[in-house]
Amino acid sequence: MARGVIVLALLTLLSSCNSKEDAVRHELGLVYNVLRDVDIDNYEVYAMDLDGSNKKNITDLYPVDWTYYSYEDTLYFISDRGTCKRCYFLYKSNFKGGDVQKVSELELADSWMSSRKDGTELIVKPKLITENTFYILDQKGNIINRLETELAYAADPLFVNDGEQVVFRGGKTVGKHIDGFDEELYIMDSDGSNLKQLTHYPEEDGSAGKYGYRAGAPKLNPTENFVTYQSKQDGKYSLYATTLDGSKTWKLTENSQNEGWHDWSPDGKWLAIELFDDEQSQFHIGLMNWETKEMEVLTDTTFQYQQAPNFIYK
């Protein structure tokens, strides 16, 4: 009798866990970027459910709209709407593309971003003559702080350790077109001090060449507290990971396709990945169950370029 009670209790617990997981998956959606019209350089932000259904263009204008980041149910995207071509300003909306608001009058560089303090502060890369600067903004787009790194180039800032530190992609020259760029991930305190190199691209591997990613934009696994990034090694792009002290670096996944920009779900159970072939003739959005490593491709071939997914609460 006792054994039957225990089995029933275990089945009830498993059912409860599965229900919670299903509920979280139902609450989450994905937003990603689509090149809708190559002739006029028209990028749009699309949204879909985590099973790939209900795909919708949620910006639906004809400039460049591109999302790099979402916090809870707020989507942040850069756009050159109403201004000069490729002159980017920050906007926000919800999962359905409604309640669009311009966040700041500050022109931004084409870079990933992050937030801290429950989404009340954003770290961004401004469009400046200097290439090594980050700004921290409040919710109204006001500049709270300016961070100068010790490198010639810095982009794609990511708050870690409860916003006390910043991981970013850095280079030793102002751009990849100049020899010696030597791109890697770095970490520093959120006041710009204590700069430290985290990643070390294999010296014997020339796969990335001059313009490929040696270390792409970093993303934080929110439960296991390590940073992930794309890197072209052994002839293909794959996802790699590093601890926040840089003591350990490892290959994260073993997908046959190339892997690029990606994002972790808030509970760390799902990994959304941009997938593409060697010729970059077709880009897809894939969703990986982090526990089982099962991958599901969510997109079709309606568009060639479907990139940079990030999670958002619907």
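**Contacts, cores and pockets of the predicted model**

Setting aside residues up to four places away in sequence, valine 167 touches Asp156, Pro157, Leu158, Val160, Tyr186, Ile187, Leu198, Pro218, Val227 and Leu244, where contact means heavy atoms within 4.5 Å. This is a predicted model, in which local features need pLDDT of at least 70 and side-chain atom pairs count only at pLDDT 80 or more, while totals for chains, interfaces and linings use all residues. Residues are numbered from 1 along each chain as its sequence is written, and side-chain values use heavy atoms, with hydrogens and water left out. Valine 167 sits in strand E13 (residues 165-171); strands (E, at least two residues) and helices (H or I, at least four) are DSSP runs numbered from the N terminus. With a relative accessible area of 0%, valine 167 is buried. Here buried means under 20% relative accessible area, exposed over 50%, and partly exposed in between, using a 1.4 Å probe and protein chains only. Glutamine 233 is 66 residues from valine 167 along the chain, and their C-alpha atoms are separated by 21 Å.

We can turn next to the nonpolar interior. In soluble globular proteins, nonpolar side chains tend to be buried together. A nonpolar core is taken as a set of buried Ala, Val, Leu, Ile, Met, Phe, Trp, Tyr and Cys residues joined through side-chain atoms within 4.5 Å. The largest such core holds 26 residues, of which Ile78, Leu90, Met113 and Val124 touch the most other members. Two or more residues each come to this core from E4, strand E5 (74-79), strand E9 (121-124) and strand E10 (133-137), and E4 gives the most, with 3 residues. Beyond its neighbours within four places in sequence, isoleucine 78 is in contact with Val64, Asp65, Trp66, Tyr68, Tyr88, Phe89, Leu90, Leu108, Asp110 and Met113. Another core, of 14 residues, lies apart from the largest one and includes Leu28, Leu298, Phe303 and Phe311.

The pockets come next. On a 1 Å grid over the protein atoms alone, a pocket is an open set of points with protein on both sides within 12 Å along at least five of seven lines, and lining residues have an atom within 4 Å of a point. Grid points are joined across faces, edges and corners, and a volume is the space filled by probe spheres set on the points. The largest pocket has a volume of about 740 Å³. Its lining comprises 29 residues, with Tyr69, Tyr71, Ser115, Leu220 and Pro222 nearest the centre. Strands E4 (65-71), E8 (114-116), E12 (153-160), E16 (219-220), E20 (258-264) and E24 (306-313) are the elements that give two or more residues to this lining. By residue type, the lining of the largest pocket divides into 14 nonpolar, 8 polar and 7 charged, with Ala, Val, Leu, Ile, Met, Phe, Trp, Tyr, Cys and Pro counted as nonpolar, Asp, Glu, Lys and Arg as charged, and the others, Gly among them, as polar.

One of the residues nearest the centre of the largest pocket, Ser115, belongs to strand E8 and is buried, at 12% relative accessible area. Serine 115 touches Tyr69, Tyr71, Glu121, Leu122 and Phe159, when residues up to four places away in sequence are not counted. The second largest pocket has a volume of about 450 Å³ and is lined by 21 residues, of which Ala109, Asp110, Ser111, Tyr153 and Arg169 lie nearest its centre. This second lining divides into 10 nonpolar, 2 polar and 9 charged residues.

Methionine 288, in strand E22 (residues 283-289), is buried, with a relative accessible area of 3%. Not counting residues up to four places away in sequence, methionine 288 touches Thr253, Asn255, Lys269, Trp270, Leu271, Lys293, Glu294 and Met295.

A few local details complete the description. Counting as a disulfide any pair of cysteine sulfur atoms within 2.5 Å, the model has 1 disulfide, formed by cysteine 84 and cysteine 87 with their sulfur atoms 1.6 Å apart. The torsion about this S-S bond is about -95 degrees, so the disulfide is left-handed. Cysteine 84 is partly exposed at 41% relative accessibility, whereas cysteine 87 is buried at 10%.

Most residues other than glycine have a negative phi. Aspartate 41, however, has a positive phi near 55 degrees; aspartate 41 lies in the loop between strand E1 (28-37) and strand E2 (42-49) and is buried, with a relative accessible area of 18%. Glutamine 280 also has a positive phi, of about 55 degrees, and is found in the loop between strand E21 (270-276) and E22. Glutamine 280 is partly exposed, with a relative accessible area of 36%.

Conventions. 1 Å grid on protein atoms, 1.4 Å probe; cavity = no way out; pocket = protein on both sides within 12 Å on 5 of 7 lines; lining within 4 Å.
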